[in-house]
Amino acid sequence: MTLSKGGVGKTTTTVNLGAGLALAGYKVLVVDTDTQGQSAYILGKKPVAGLTELLTGELPPEECIIPARKDLWLLSGGKSLAGIKRMIDRKSFGAEWTLSEALKPLDTQYDFVLIDTSPGWDQLIVNVLFYATEVLVPVALEVMALHGLSEFMRSLGSIQKYRKEARLKYIVPTFMDARIKGPEKLYSELKKLYPESTCQPIRYCDSLSEAPSFGKTIFEFAPGSTASSDYRALVKRIVEGDKPLA
Ligand SMILES: Nc1ncnc2c1ncn2[C@@H]1O[C@H](COP(=O)(O)OP(=O)(O)OP(=O)(O)O)[C@@H](O)[C@H]1O
Ligand SMILES: [Mg+2]
């Protein structure tokens, strides 16, 4: 799952990482838990059903999960998830497990289930943390980046009291710009603070913001771009396991 504050590259990372893993031959399910429903847009899809219908039980899973690419499936988000949050709120017990109960019976069909979250903190994010085992946090290399990260670490800590399986596994620096000093400095600080989990950064790349309006992943839109090679490196890191950066 990807998690952290607004506009840091969560959705971009979830979708392109998913596409990269699928290209590498893994079966991947992307789950969008955001009311913005951006994942479907980036993948050029207009799903008629998604996570909402799965959680309400209105439709069977095979009608909620749509094929997006070879080896890549999507359980889309969107506005209707607002009603789901209210549904979760109204539960008198077990509210945190709503998402897990829906995904557990399906997830053995995939090698990776990647979950995109909305900015901020809500019931659905708590649900995601009661399901996920590995947390990936994109961190935009800008002022206040480390502040946002430490705030998130506190929230994660409070969840871990109840669910210790949810572990921070990857920190992915985004919007890296080597021409200016700030991001370089923040990247070094991240490596010092979190040597095990800090991954190679995703550089600032215009193609990443252009690709969605064509409904294309970075590998389809700009295979030769820096972003394409950066996301490929992230795929490699995740597939090959933990090799902390030098
Ligand atoms: N490395 C990058 N270089 C340039 N633009 C990027 C990069 N990563 C993401 N973007 C662009 O920045 C914007 C925000 O990215 P994205 O939507 O992935 O963030 P988010 O964390 O999911 O935001 P939200 O919190 O609103 O869900 C998008 O327009 C995206 O195309
Ligand atoms: Mg997003």
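Me: Which residue has its backbone oxygen 3.0 Å from a polar atom of the side chain of Ser228?

Reply: Before the name, some ground rules: this is a predicted model, where local features need pLDDT of at least 70, side-chain atom pairs count only at pLDDT 80 or more, and totals for chains, interfaces and linings use all residues. Residues are numbered from 1 along each chain as written, chains are lettered from A and ligands numbered from 1 in written order, and side-chain values use heavy atoms, without hydrogens or water. The backbone oxygen across from the Ser228 side chain belongs to Pro223.

Me: And is Ser228 buried or exposed, and what's its relative accessible area?

Reply: Ser228 is found in helix 12, residues 226–240 (helices are DSSP runs of H or I with at least four residues, strands are runs of E with at least two, numbered from the N terminus). Buried means under 20% relative accessible area, exposed over 50%, and partly exposed in between, using a 1.4 Å probe and protein chains only. So Ser228 is buried, with a relative accessible area of 0%.

Me: On to the ligand: which residues come nearest to ligand 1?

Reply: There are 17 residues around ligand 1, where near means having a heavy atom within 4 Å. The nearest ones are Gly7, Lys10, Thr11, Thr12 and Cys205.

Me: How far is the polar side-chain atom of Lys10 from an oxygen atom of ligand 1?

Reply: Ligand oxygens also meet the backbone: a polar backbone atom of Gly9 is 3.0 Å from one, and a backbone N or O atom of Leu208 lies 3.4 Å from one. For the Lys10 side chain, the distance to a ligand oxygen is 2.7 Å.

Me: Which pocket does ligand 1 sit in?

Reply: On a 1 Å grid over the protein atoms alone, a pocket is an open set of points with protein on both sides within 12 Å along at least five of seven lines, unlike a cavity, where a 1.4 Å probe fits but cannot get out; lining residues have an atom within 4 Å of a point. To sit in one, more than half of a molecule's atoms must lie within 2 Å of its grid points. Ligand 1 sits in the largest pocket.

Me: Which helix gives the largest share of the shell around ligand 1?

Reply: Two helices each supply at least two shell residues: helix 1 (10–23) and helix 10 (206–210). The largest share, 3 residues, comes from helix 1.

Me: How many residues of that ligand 1 shell are charged?

Reply: Here Asp, Glu, Lys and Arg count as charged; Ala, Val, Leu, Ile, Met, Phe, Trp, Tyr, Cys and Pro as nonpolar; the others, Gly among them, as polar. The shell has 7 nonpolar and 7 polar residues, and the number of charged ones is 3.

Me: How far apart are the C-alpha atoms of Thr11 and Thr117?

Reply: Thr11 has its place in helix 1, and at 15% relative accessible area Thr11 is buried. Along the chain, Thr11 and Thr117 are 106 residues apart. Their C-alpha atoms are separated by 7.8 Å.

Me: What about Ala19 and Val235, how far apart in space are they, C-alpha to C-alpha?

Reply: Ala19 is in helix 1 too, and is buried at 6% relative accessible area. Ala19 and Val235 are 216 residues apart in sequence, but C-alpha to C-alpha they come out at 9.4 Å.

Me: Which residue's backbone nitrogen lies 3.1 Å from a polar atom of the side chain of Asp122?

Reply: Asp122 is in the loop between strand 4 (112–116) and helix 7 (123–129), and counts as buried at 15% relative accessibility. The backbone nitrogen facing the Asp122 side chain is from Leu124.

Me: Last one: what's the phi of Asp71?

Reply: Asp71 is in the loop between strand 2 (65–69) and strand 3 (72–75), and at 11% relative accessibility counts as buried. Asp71 isn't a glycine, yet phi is positive, at about 65°.

Technical notes
A polar contact is a pair of N or O atoms within 3.5 Å; within protein, one must be able to donate a hydrogen and the other to accept it, and residues adjacent in sequence count only if both atoms are side-chain atoms.
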